[in-house]
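Work through the exercises below with the sequence and the 3D view side by side. Try each task before you read its solution.

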Amino acid sequence: MSGRAAVYLSALGAAYGVILRPSVPMKGWNSYDWGNGSAVYGPPNFAEIVDAADGMVEYLKPHGYEYFMVDGGWSFDGAEGDMDQYGRATPSLSIYPELKGSWAGVKAELAKRGLKFGLWFTNGMPTAAYKQNAPVKGTAYTAQDVALKDAHGNPVPGCSWNPGVYRVNTSHPGGVAYYASVVEQMEAWGVDYVKLDCVFAANMLEDDIRVLSTAMDASSAGFVLGLSPGDGVKPEQIEFARQYATTARIDTDFYANWHQAFAHYPLAARFASLAGQSHGFYLDMDILPFGIFRGQEPLAKRSPDTWPPIMVSIYTMWVMAQSPLLYGGDVRDPKRCPNPPIPGQACGIDNDTVAFLTHDGVISVSEDIRNSRMILRDDVQWTWAGDSAGLLPPRSKYVAVFNTWCGVDPRKADPPCGPPGSNMNGTVTTEVSAQSVGLLETEWFTVHDVWADQPMGYYQGRFSVQTKNLGAALMIIQPMKNPPPPPPPVAERPAGADDPTARLYAKKYWPGRG
């Protein structure tokens, strides 16, 4: 057995593997929504990766988006995928001929641009490794020695939706050594962020997570480790994940579907306290399905009445839950798109999506919020609050209000807002008390609208906020040392001070007493 594998076996006796714990949730781009989940588009090829990386640098990196994740499908151009002489998955030679079986060339391109490299993996070994009985690097074992077998001696499938892998026997020293060699390969490729799939929640494989996490901890590289997927996740699984990983998914794959977005909200509320017990561990709400993906125009353009407020709601919930912010749409510079355009295939990142993803005020909330939790819920309104870690003055709060109403119950309607004519243009008013967010009922405070980047006024005891149906509001609450100044005298108000316009003026600038 190699010295490295022996170190890994020794490390398994420690309490936990220690993975990188970033001080703020990761931000970046994930290739899955753009093409990986489509048989037509598939994973981005090398040229598309370079173009996407240039787009990230141009539009998103200045705002903290730094992780570039190549999601699933990169090893497969057929049933079993490509591998090296030690039975470890390698980039498909037909999709990536220029990489010659190594991701090091992509890492070099990303490093030149100041980006970090994320890569999808799944548990187990390629089925081809078992069939060819590949040797396990640094040992006298082979793949058939270390594969997990059933009562009949047959290899156990590694994943219900990925037929190209078999389970690894983590109680066998050769199985631990095999995973050690996979981590060594990741290190050689320069991987920074590992998305480890088909190991969590309904697919829970504690031993595989523990062995891989410990191997990463023993390596000389630092890894961010994310566990996926999250359908049917239980509190004890989140508890386990925060010991061994950086992130863990809390639901199944999230596509551009309001039903799924709504389903994330109670899960985020349920698990927020567990995530908060270990700063540097984050609940992963999945990829943000915004912009152009799979050649389709952005949903905000295809459904202008529904998706803009929904996007605000989704992004705000991801922020309040401190989820990683991984954009899934096309990130390429539109100038790199085919000219003339290919009919029926949209391309590039659009200006509206850029503006939405790069709202620095909202991003700063994601980075600063702590102790975030749901404080109020009724049938259609959800209110969350959290503390500032130091960006704001002491005792300042972040508050978000979510409106899930659109004229029909979104949990029962399909499409989510019912037939045309539903009350999509309506609003809901939510009242938030000072005590509910941790302030005194008697103290004065200011309220600032983060998305609009404008003050809402002075308040005492409570305040009200209106949200669009299916939308949300995000606010900063700051207690005041002294009561606010009195409202301006009538003589200083606009002409017609006794008419309704003047009363609106007073309410706008002094809504706490308006």
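This is a predicted model: local features need pLDDT of at least 70, side-chain atom pairs count only at pLDDT 80 or more; totals for chains, interfaces and linings use all residues.

Residues are numbered from 1 along each chain as its sequence is written, and side-chain values use heavy atoms, with hydrogens and water left out.

**Exercise 1**

Describe the surroundings of aspartate 330.

*Solution.* 
- Step 1: find the residue. Aspartate 330 sits in the loop between strand E10 (325-327) and helix H13 (351-357). Helices (H or I, at least four residues) and strands (E, at least two) are DSSP runs, numbered from the N terminus.
- Step 2: check accessibility. The relative accessible area of aspartate 330 is 1%. Buried means under 20%, exposed over 50%, partly exposed in between (1.4 Å probe, protein chains only). Aspartate 330 is therefore buried.
- Step 3: list the contacts (heavy atoms within 4.5 Å). Leaving aside neighbours within four places in sequence, aspartate 330 touches Trp34, Ile292, Cys347, Gly348 and Ile349.

**Exercise 2**

*Solution.* 
- Step 1: phenylalanine 240 belongs to helix H9 (residues 235-244).
- Step 2: with a relative accessible area of 8%, phenylalanine 240 is buried.
- Step 3: take isoleucine 209. In sequence, phenylalanine 240 and isoleucine 209 are 31 residues apart; in space, C-alpha to C-alpha, they are 9.6 Å apart.

**Exercise 3**

Classify two aromatic pairs: tyrosine 67 with tyrosine 193, and phenylalanine 356 with tryptophan 451.

*Solution.* 
- Step 1: learn the rule. Rings of Phe, Tyr and Trp (its six-membered ring) pair if their centres lie within 6.5 Å; planes under 30 degrees apart count as stacked, over 60 as edge-to-face and the rest as tilted. The count by this rule is 20 aromatic pairs.
- Step 2: apply the rule. Tyrosine 67 and tyrosine 193 are 5.4 Å apart, centre to centre, with 85 degrees between the planes, an edge-to-face pair.
- Step 3: locate both rings. Tyrosine 67 is in strand E2 (residues 67-70) and tyrosine 193 in strand E6 (residues 193-197), so the pair ties together parts 126 residues apart in sequence.
- Step 4: turn to the second pair. The ring centres of phenylalanine 356 and tryptophan 451 are 5.1 Å apart and the planes are at 20 degrees, so this pair is stacked.
- Step 5: check burial. Phenylalanine 356 is buried at 12% relative accessibility, and tryptophan 451 is buried at 18%.
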